[in-house]
Amino acid sequence: MSGTVEVEQQAGVAFVTLRHPGKLNAMSRAMWRALRSVFESIQRSTDVRCVLIRGEGGDFCAGGDIAEYPAFRFDEASLRDFHENDVWGGLQAMLDCDVPIVAQIEGNCMGAGVEIACCCDIRIAAESARFGAPIARLGFPMAPREAALVLREAGALSAREMLLQAVVLGAAQMKARGFLNQVVAAAAAASAALVSARHVAALAPQAARLNKQTLRALNHAPALMETAPSATDSVASEMRDAYRYADSAEHREGIAAFLQKRKPVF
């Protein structure tokens with residue numbers, strides 16, 4: 001089973017559930033594609049006033065499904081396709097969604113989970129939630145677009161600790177750093193997120209969509225003003241080489257060690 005992204009609607013709230021039994025809801029390629037489809041559908045809907053995204057079974061999302069990685073990560077073209085189409089396709093669909101998104105974050109929120117949380121408007125976490133992107137232990141970096149998203153939403157301090165030190169941060173730390181709106185007792189996470197979603201759903205839906213469009217435009221404006229065309233061209237050029245590590249020994253060793261449940265030797 002490669003996991004699913006399921007959606008059900010109730011009283012104007014769309015409940016999106018990441019479900020991958022036995023893998024702490026780690027994102028498979030099929031799940032990334034389903035995430036994109038779900039949010040594109042929500043964007044077209046006139047009945048949805050708020051989205052509540054959550055993971056099944058007490059964890060939000062533990063990252064990517066590493067068991068799939070040997071099938072495509074060691075070839076530069078297929079690695080690029082995975083990140084630029086599957087992963088970014090799902091994240092972009094969330095970012096483009098004009099319907100407010102509330103995240104109910106419990107347990108593990110790692111790598112892909114952090115990226116998905118970064119696409120949400122309101123983040124409510126259980127006090128026991130854990131945040132990180134310890135992919136340095138797996139021998140590969142975060143893809144450029146994904147790193148830019150995490151840097152913008154989680155902040156430079158957290159992004160550097162997660163990516164360079166493989167640090168795992170607690171909910172209280174992430175709240176203090178401005179990433180989380182609310183931290184509640186573990187047993188209260190679901191109810192707190194639902195209260196937030198219902199509150200949003202009770203407000204004017206057209207105004208909410210217009211506010212999200214405005215906030216999106218305002219968020220882009222400073223970056224556009226501060227970025228010279230030459231810098232934009234430079235980033236585009238660098239991204240052409242961003243996946244050349246695909247066949248590297250370090251990349252292969254990191255993933256092999258994880259799958260073999262041993263410490264990697266870099």
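This tour moves through the structure one selection at a time and states what is found at each stop.

The structure is a predicted model, in which local features need pLDDT of at least 70 and side-chain atom pairs count only at pLDDT 80 or more, while totals for chains, interfaces and linings use all residues. Residues are numbered from 1 along each chain as its sequence is written, and side-chain values use heavy atoms, with hydrogens and water left out.

**Stop 1: helix α1**

Select residues 29-44, which form helix α1. Helices (H or I, at least four residues) and strands (E, at least two) are DSSP runs, numbered from the N terminus. The expected span of a helix is 1.5 Å times one less than its number of residues.

Which residues of α1 are buried? They are Arg29, Met31, Trp32, Leu35, Val38, Phe39 and Ile42. Here buried means under 20% relative accessible area, exposed means over 50%, and partly exposed lies in between (1.4 Å probe, protein chains only).

**Stop 2**

Select Leu24, in the loop between β2 (13-19) and α1. Leu24 is not a glycine, yet its phi is positive, at about 55°. Its relative accessibility is 39%, so Leu24 counts as partly exposed.

**Stop 2: Asp65**

Next select Asp65, in the loop between β3 (50-55) and α2. With 5% relative accessibility, Asp65 counts as buried. Show its side chain together with that of Lys23: a polar contact of 2.9 Å joins the two. A polar contact is a pair of N or O atoms within 3.5 Å; within protein, one must be able to donate a hydrogen and the other to accept it, and residues adjacent in sequence count only if both atoms are side-chain atoms.

Which residues does Asp65 touch, not counting residues up to four places away in sequence? They are His20, Lys23, Ala26, Met27 and Ser28. Contact means heavy atoms within 4.5 Å.

**Stop 3: helices α2 and α4**

Two packed helices are described by the angle between their axes and the distance between the axes. Select residues 76-95 (α2) and residues 144-154 (α4); their axes come within 10 Å and cross at roughly 35°. The axes are lines fitted to C-alpha atoms, for helices over the stretch in contact, and angles run from 0 to 180 degrees between N-to-C directions.

On the α2 side, the contact is made by His83, Glu84, Val87, Trp88, Leu91 and Leu95; on the α4 side, by Arg145, Glu146, Leu149 and Arg152. By class, the contact has 5 nonpolar, 1 polar and 4 charged residues. In this scheme, Ala, Val, Leu, Ile, Met, Phe, Trp, Tyr, Cys and Pro count as nonpolar, Asp, Glu, Lys and Arg as charged, and the others, Gly among them, as polar.

Now colour two residues of α2. Trp88 lies in this helix and is buried at 13% relative accessibility. Leaving aside neighbours within four places in sequence, Trp88 is in contact with His83, Leu95, Arg145, Glu146 and Leu149. Leu95, also in α2, is buried at 19% relative accessibility. With the neighbours within four places again set aside, Leu95 is in contact with Trp88, Cys119, Leu149, Arg152 and Arg216.

**Stop 4: strand β5**

Select Met110 in strand β5 (residues 108-110). Met110 is buried, with a relative accessible area of 7%. Although Met110 and Ala133 are 23 residues apart in sequence, their C-alpha atoms are 5.2 Å apart in space. Not counting residues up to four places away in sequence, Met110 touches several residues, including Cys61, Phe131, Pro134 and Val168.

**Stop 5: the cysteines**

A disulfide is a covalent bond between the sulfur atoms of two cysteines. In this search it is a pair of cysteine sulfur atoms within 2.5 Å.

Select Cys50 and Cys97. The sulfur of Cys50 has its closest cysteine sulfur in Cys97, 9.6 Å away, which is too far for a bond. Cys109 is likewise in no disulfide, the nearest cysteine sulfur being that of Cys61, 7.3 Å away. Cys50 is buried at 0% relative accessibility, and Cys109 is buried at 0%.

**Stop 6: Lys261**

Finally, select Lys261, in the segment after α10 (249-259). Lys261 has a positive phi, near 55°, in a residue other than glycine. Is Lys261 buried or exposed? At 77% relative accessibility, Lys261 counts as exposed.
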